[in-house]
Amino acid sequence: MRALIFISFILFFIIAPFFVGASADRFSGGDLFENPSAVHLLGTDYLGRDMLSEILRAGSVTMFICVAATLLSLACGLTCAVLSSAMPAVPGTILARSMDALNSIPSLIIAFVLIAAFGSRTASLILIITVVEFTRAYRSLKAPVVQIFAEPFVELSRIRGEGFAYLVTRDIWPNIRPYAAVELVNRFVACLMFLSAISLLGIGVQPPATDWGTLIKLNATGLLLNSIAPLIPGIFILTASLLALFAASDASRQLDFSKS
């Protein structure tokens with residue numbers, strides 16, 4: 001049930017801009033940092049635009065980038081975990097140590113270098129977040145993958161002469177799916193926090209496009225005017241994170257139940 005609520009939350013924000021009437025650069029006629037009212041339910045931003053409309057548009061960008069980066073990072077991390085476990089000792093060790101070395105580099109340094117090289121376009125941000133997060137997914141999935149490879153049924157498949165594709169699709173994937181589901185939600189939260197952080201620093205999503213982190217940065221001066229505009233995007237970031245963690249807790253309980 002919690003997972004369904006979380007998925008509905010994501011889908012709502014992805015399609016929300018289609019239901020917003022005003023364009024992103026159109027003023028709503030309100031004053032700067034106007035308080036919530038019947039006309040502007042969440043008040044106005046630093047340009048006098050309706051804050052609710054801006055939240056919906058920014059939420060679409062945020063959800064698209066985070067979902068894409070989450071799926072790619074999980075796919076890359078799981079692939080590397082399977083390969084490093086299936087390879088012979090020397091190649092597998094080299095791949096594992098390479099993942100550890102990449103994981104040891106501070107995330108912001110990776111972001112600064114890659115953004116300087118590729119810019120802050122949507123595709124570039126998805127790539128950058130994937131590079132940062134897929135090593136974390138690898139570390140989380142490596143142990144269960146090694147454990148599954150050590151199971152007798154996998155050894156039996158090898159004795160029968162089954163190929164690598166058979167092992168992955170018939171033996172590894174059905175048993176790694178619960179772990180992958182938990183890691184998928186955890187990576188989403190990590191991607192959301194990292195995207196918001198780099199946007200808040202001014203190197204993430206660039207205007208006129210906005211995400212929730214960019215909205216916090218652009219409306220930060222509202223704190224001096226007792227406006228809630230800078231706080232509203234943070235509330236949505238917190239809500240998305242909590243919904244994701246609740247969904248992860250459900251997935252964890254199902255994983256524990258399947259083990260028992």
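Helices (H or I, at least four residues) and strands (E, at least two) are taken here as DSSP runs, numbered from the N terminus. On that basis the protein chain holds nine helices and zero strands, and its elements, read from the N terminus, follow the order α-α-α-α-α-α-α-α-α. The model is predicted, so local features need pLDDT of at least 70 and side-chain atom pairs count only at pLDDT 80 or more, while totals for chains, interfaces and linings use all residues. Residues are numbered from 1 along each chain as its sequence is written, and side-chain values use heavy atoms, with hydrogens and water left out.

**Overall form**

The C-alpha trace of the protein chain spans about 75 × 40 × 30 Å along its principal axes. Its accessible surface, computed by the Shrake-Rupley method with a 1.4 Å probe and, for residues, with only the protein chains shown counting as cover, comes to about 13,100 Å², of which 70% belongs to carbon and sulfur atoms. A residue is called buried under 20% relative accessible area, exposed over 50%, and partly exposed in between (1.4 Å probe, protein chains only); of the 260 residues of the protein chain, 44% count as buried. If a contact is taken to mean heavy atoms within 4.5 Å, then among contacts between residues at least 6 apart in sequence, 68% join residues at least 24 apart.

**Helix H3**

Helix H3 (residues 89-104) has 16 residues and reaches 22 Å from its first C-alpha to its last, close to the 22 Å expected at 1.5 Å a residue, where the expected span is 1.5 Å times one less than the number of residues. Gly92, Leu95, Ala96, Met99 and Asn103 are buried in H3. Seen down the helix axis, these buried residues fall within an arc of 95°, so they line one face of H3; the arc is that of the directions from the helix axis to the C-beta atoms. They pack against helix H2 (51-86) and helix H5 (122-149), whereas the face of H3 turned away from its buried side carries the exposed residues Val90, Ile94 and Ser104.

**Salt bridges**

Side chains of opposite charge can pair when their charged atoms come close. With a salt bridge defined as a side-chain nitrogen of Lys or Arg within 4 Å of a carboxyl oxygen of Asp or Glu, the count comes to eight salt bridges, including those in the table.

| Pair | Closest N and O atoms |
|---|---|
| Arg49 and Asp45 | 3.0 Å |
| Glu54 and Arg57 | 2.6 Å |
| Arg97 and Asp100 | 2.9 Å |

Both Arg49 and Asp45 are buried, and Glu54 and Arg57 are buried as well. Because Glu54 and Arg57 are three residues apart in helix H2, they are separated by about one helical turn. Arg97 and Asp100 are likewise three residues apart, in helix H3, and so are separated by about one helical turn. Arg97 is partly exposed, with a relative accessible area of 47%, and Asp100 also counts as partly exposed, at 33% relative accessibility. Salt bridges that share partners join Asp45, Arg49, Glu54 and Arg57 into one network.

**A nonpolar patch**

Leu223, Ile228, Leu231 and Ile235 make a nonpolar surface patch of about 360 Å². Patches are made of residues with over 30% relative accessible area and no salt bridge, like charges being joined within 9 Å and nonpolar side chains (Val, Leu, Ile, Met, Phe, Trp, Tyr) within 5 Å. Ile235 lies in helix H9 (residues 231-259).
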